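Subject: A structure for you to explore

Hi there,

Here is the structure I promised to pass on to you. Please open it beside this email and follow along as you read.

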Amino acid sequence: MVGSEPEKKKRNSEGKQWRWVVIGAIIALIFAFTTASITTPNINLFGQPNESCSCPQKYSGMVEDCCCDYETVDRLNEEVLHPSLQDLVKTPFFRYFKVKLWCDCPFWPDDGMCRLRDCSVCECPEGEFPESFRTPFRGGLPSDNLLCQEGKPQAAVDRTLDSKAFRGWTEIDNPWTNDDETDNAEMTYVNLQLNPERYTGYTGPSARRIWDAVYSENCPRYPSEELCQEERILYKLISGLHSSISIHIAADYLLDESKNLWGQNLTLMYDRVLRYPDRVRNLYFSFLFVLRAVTKAAEYLEQAEYDTGNPTEDLRTHSLMRQLLYNSKLQAACPLPFDEAKLWKGQRGPELKQKIQERFRNISALMDCVGCEKCRLWGKLQVLGLGTALKILFSDNGREHLGQTLQLQRNEVIALMNLLNRLSESVKLVPEMGPAVELSIGQISSPFSPSNLWQRVWGLLFKS
């Protein structure tokens, strides 16, 4: 039955009124959403506002506390450092890392190892690793067996391997790290190429507790006007390492477990790193800090023996190391990535150095509390690498040439170069993934973004 004309006008009027009510509610929500996104700070573990931005930033100028600018770092990394490091870490010498994976957490009861498939470490077959890793003066070609597949439920490292160092390398503890690398009990060799740093599914309270303890108990509160330069540098090193780890998780993420589909998680990359410019800046700082340690130890690293019993591969390793250490582009564009000589000055210098050294040793010890086996592997390796960089830069009070004062373990050199490679890859991924992240974030947020909501409201107003 068709209503009368007055009734139609009444219904239309009521409909318009209801539409205005809905539009008003939407406007209120948009206002609240926009205001919250602008005024609500992101709080970090220290209770300090964490600088964030709504889109990936472009970085230019000098890297803070360093002697090189962002553009030069990106160019050198793309042309020189990343290709060289990628080749170097695949050689037999740098492929195998000695590690103690079965350690009790010294700070709290062990929650038990992660039971996720990708948390496990792939076993290193006895015939795979170089014979000279076990017997210093006997040769033997590594079989380079890459059949072992990471992620197998039964995957486990071989705990029975002899871990004696081979000739040319010393056995001495690192004062900056907690691990006793001279203790061969429970040590094993892990093929890093078979156990890449990537997403493992290790999340939740256990993982958060590790980083909470690292920052809140061992790093000074930052930013703070009361911080001295040395304390600020410790924080930036840990933050930069944290950013690098997050980038590798986001860049190699399990997108679909049923299909074993791996790829980039752009949202995670944005949420954990790119939305916070200070985290990216700290990544660049950590990269230059470790690069400075490698270049400072150039004479030592050039003369070292990279003997694995495979003469061809060993010569290639030595050649790759020389090419990296004495690259003309690197020496011309960024001869001094970081100036360590200005630290530990004044009467408080020795006391402050000991204080920060103890804090870093605690951070090193916290790696034994990581519940994921593969995360523990890479955590221990990279913290040892960072501790080795600290050892190189601060073992001789800042003198330019180390001479005979420096002594490194084979494992320290392996950790140092693998850490530099990890940081190099992270620095490379920042500009590579940035545009895709920006596009992805825009697409994900578009249905509910303030701009699109305003457009929809305007459309309703116009139609009315």
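Below is what was found in it, topic by topic.

First, some ground rules. This is a predicted model, in which local features need pLDDT of at least 70 and side-chain atom pairs count only at pLDDT 80 or more, while totals for chains, interfaces and linings use all residues. Residues are numbered from 1 along each chain as its sequence is written, and side-chain values use heavy atoms, with hydrogens and water left out.

**The overall picture**

The protein chain contains 14 helices and six strands; these are DSSP runs numbered from the N terminus, with helices (H or I) of at least four residues and strands (E) of at least two. Of its 464 residues, 52% count as buried, where buried means under 20% relative accessible area, exposed means over 50%, and partly exposed is in between (1.4 Å probe, protein chains only). Take contacts (heavy atoms within 4.5 Å) between residues at least 6 apart in sequence: 83% of them join residues at least 24 apart.

**The disulfide**

How many disulfides does a search of the whole structure find? The search finds one, a disulfide being a pair of cysteine sulfur atoms within 2.5 Å. Its partners are Cys-105 and Cys-369, with sulfur atoms 1.9 Å apart. The pair links distant parts of the chain, 264 residues apart: Cys-105 is in the loop between strand 3 (96-99) and strand 4 (188-191), and Cys-369 is in the loop between helix 11 (349-366) and helix 12 (373-394). The link is right-handed, with 75° about the S-S bond, and both cysteines are buried.

Cys-66 counts as buried, at 11% relative accessibility.

**Aromatic rings**

The count comes to 14 aromatic pairs. Rings of Phe, Tyr and Trp (its six-membered ring) pair if their centres lie within 6.5 Å; planes under 30 degrees apart count as stacked, over 60 as edge-to-face and the rest as tilted. One of the pairs is Tyr-59 with Tyr-70, which is tilted, at 5.7 Å centre to centre and 40° between the planes. Tyr-59 is in the loop between strand 2 (49-50) and helix 2 (70-88), and Tyr-70 is in helix 2, so the pair ties together parts 11 residues apart in sequence. Tyr-59 is buried at 17% relative accessibility, and Tyr-70 is buried at 3%.

Ring pairs also link Trp-176, Phe-285, Phe-289, Phe-338, Trp-344 and Phe-394 into a cluster. Within that list, Phe-285 has the charged end of Lys-236 over its ring, 4.5 Å from the centre. A charge sits over a ring if NZ of Lys or CZ of Arg is within 6 Å of the ring centre and within 35 degrees of the ring normal. Likewise, the charged end of Arg-279 sits over the ring of Tyr-276, 3.8 Å from its centre.

**Helix 7**

Finally, have a look at helix 7 (residues 277-296). 17 of its 20 residues are buried, so helix 7 is largely enclosed by the rest of the structure.

Enjoy exploring!
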